[in-house]
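Subject: Structure handover

Dear colleague,

Please find below the structure that I promised to pass on to you. I would be glad if you could look through it first and then read my notes alongside it.

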Amino acid sequence: MSTKTTPEKSILQSLQQHDNGKYMFPLYFLYAEEMDSGKQVITLSSNEKYNTSHFETSPFYKQISPLTY
Amino acid sequence: MDWIHHCGYPCQIFYFNDIVNFSKTNLFDTPGGPMVFFVRNQYDWLIEKTEISNANFSLFFERRELLNFFFEKINSEEGCHVINFTNNYNGNKLIQLNLASKVGMKIPRTAIITDKTALSEMFDQGQEVVTKSLHKGLVMKDKQRIILNYTSVILAHKTPETFFPSLVQERIDKAYEIRTFYLQGKCYSAAILSQVSEETEVDFRKYNSSRPNRIIPYQLPEIVEQQIDELMQALNLSSGSIDLIKSRDGDFVFLEVNPHGHFGFVSSHCNYYLEKEIANHLIYEYQNHS
């Protein structure tokens with residue numbers, strides 16, 4: 001676990017580097033993503049319309065109204 | 001916590017920093033208050049910008065040992081009631097998959113491999129294969145950046161000849177994802193319509209903030225809820241968040257349990273008021289077992 005990097009190389013690039021098949025981490029490290037710490041914004045609602053008719057006809061669709069609580 | 005206070009009962013929430021502060025002077029004392037609800041067990045590795053150090057791994061294990069001790073301690077204290085109690089056993093994804101299969105749940109074809117050849121030997125030609133962490137996954141951050149991993153489809157051109165033992169699974173053709181919060185025998189489920197966006201179709205946590213997935217209340221078939229109950233009892237978990245897939249073939253496929261149950265988005269999207277359910281559960285336990 002002594003991966004040395006140049007100052008220009010990012011941490012993620014260091015984790016993902018493999019030359020001639022030599023690679024020391026699990027496969028999932030290869031697909032890790034680096035982003036700004038402040039970029040993870042989760043939007044909880046949207047006004048966009050979705051076509052969910054295929055889903056809402058499912059017998060497992062649960063009709064719940066806030067008024068039931 | 002507000003609900004517990006509202007009902008007139010004391011309660012404490014512990015984050016890692018609280019545990020460290022508490023342990024400074026009271027390591028072997030009772031952590032105060034008759035109820036404890038541990039919310040998150042975060043493993044945030046603070047890393048240097050240019051070098052991956054063995055020290056980070058040592059810190060990780062040091063931290064884990066302290067948490068294990070604290071969990072065991074509060075769990076054995078009279079008057080302390082802990083939900084989402086986790087340990088090295090029930091948080092292990094392979095143990096979870098093994099037990100899920102034993103209780104009759106469908107699971108994806110799963111293997112641990114160390115080389116590229118095994119991929120073609122284990123899976124049919126053309127079968128897409130995903131990889132993910134055995135543990136919670138990679139979360140590293142410094143002040144500017146955060147590194148996260150997701151469940152990802154394995155790309156042949158990106159795959160080295162050999163690698164560290166890695167968890168791989170067949171990719172299930174999803175109709176939608178289901179997240180179920182389990183609390184003491186009850187299932188509260190939400191369907192996540194993650195297939196509407198390319199970004200989220202493999203792993204919905206790769207949020208598409210401009211077009212977020214629709215999340216709606218969902219009722220699992222009774223047989224699946226019974227299997228979840230059996231699984232959680234086998235894992236000795238009173239609560240947790242279960243990831244399932246409804247396949248296009250109509251199967252309910254178990255993926256994993258997160259013992260630290262993230263219930264917030266299931267509760268808010270589906271109006272389940274899980275905060276109140278959890279408060280009621282803790283109060284019931286306190287009244288009947290203290």
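**Notes on the structure**

Both B:Tyr188 and B:Tyr272 are buried. Please keep in mind throughout that this is a predicted model, and that the notes below should be read with that in view.

I will begin with the aromatic rings. A pair of aromatic rings is described by the distance of the centres and the angle of the planes. The structure holds 5 aromatic pairs over all chains. Since B:Tyr188 sits in strand β11 (residues 186–193) of chain B, while B:Tyr272 belongs to the loop between α7 (264–270) and α8 (274–289) of chain B, the pair ties together parts that are 84 residues apart in sequence. Back in chain A, one aromatic cluster is formed by A:Phe25, A:Tyr28 and A:Phe29.

Chain A as a whole can be described briefly. Its secondary structure comes to 2 helices and 1 strand, and from the N terminus on the elements of chain A run α-β-α. Of the 69 residues of chain A, 35% count as buried, and the chain exposes about 4700 Å², of which carbon and sulfur atoms supply 51%.

Why can β11(B) be called largely enclosed by the rest of the structure? The reason is that 7 of the 8 residues of β11(B) are buried. B:Ser189, which is found in this strand of chain B, counts as buried at 1% relative accessibility. Leaving aside its neighbours within four places in sequence, B:Ser189 is in contact with several residues, including B:Ile178, B:Thr180, B:Tyr218, B:Cys270 and B:Tyr272.

The partners of β11(B) come next. Strands of a sheet pair through backbone hydrogen bonds, either parallel or antiparallel. Here β10(B) and β11(B) run antiparallel and are joined by 7 bridges, and within this pairing B:Thr180 has B:Ser189 in β11(B) as its bridge partner. The two strands β10(B) and β11(B) form a hairpin with 2 residues between them, and B:Gln184 in the turn has a positive phi of about 45 degrees. β11(B) also runs antiparallel to β12(B), to which 5 bridges join it, and there the bridge partner of B:Ala190 is B:Pro217.

Elsewhere in chain B, 4 strands form an open sheet in the order β4-β9-β5-β8, with antiparallel pairing. Its edge strands are β4 (110–115) and β8 (152–153) of chain B, each of which pairs on one side only. Strand β5 (residues 129–132) of chain B pairs with β8(B) in the antiparallel sense over 2 bridges, and B:Val130 has B:Val153 as its bridge partner in β8(B).

In soluble globular proteins, nonpolar side chains tend to be buried together. The largest nonpolar core has 25 residues, of which B:Ile228, B:Leu231 and B:Phe254 touch the most other members. Among the elements of chain B that each supply at least two residues of this core are α4 (93–102), β10 (174–183), β11 and β14 (252–258), while the largest share, 4 residues, comes from α6(B). Apart from this core lies another, of 20 residues, among them A:Leu12, B:Ala118, B:Ile147 and B:Phe163.

Finally, how many disulfides are there over all chains? The count comes to 0. For B:Cys187, the closest cysteine sulfur is that of B:Cys270, and because the two sulfurs are 13 Å apart, they are too far from each other for a bond. B:Cys187 is buried, with a relative accessible area of 11%, whereas B:Cys7 counts as partly exposed at 35% relative accessibility.

With best wishes

Technical notes: Residues are numbered from 1 along each chain as its sequence is written. Chains are lettered from A and ligands numbered from 1 in the order in which they are written. This is a predicted model: local features need pLDDT of at least 70, side-chain atom pairs count only at pLDDT 80 or more; totals for chains, interfaces and linings use all residues. Side-chain values use heavy atoms; hydrogens and water are left out. A disulfide is a pair of cysteine sulfur atoms within 2.5 Å. Buried means under 20% relative accessible area, exposed over 50%, partly exposed in between (1.4 Å probe, protein chains only). Rings of Phe, Tyr and Trp (its six-membered ring) pair if their centres lie within 6.5 Å; planes under 30 degrees apart count as stacked, over 60 as edge-to-face and the rest as tilted. Two strands pair if DSSP finds at least two bridges between them. A nonpolar core is a set of buried Ala, Val, Leu, Ile, Met, Phe, Trp, Tyr and Cys residues joined through side-chain atoms within 4.5 Å. Accessible areas come from the Shrake-Rupley method with a 1.4 Å probe; for residues, only the protein chains shown count as cover. Contact means heavy atoms within 4.5 Å.
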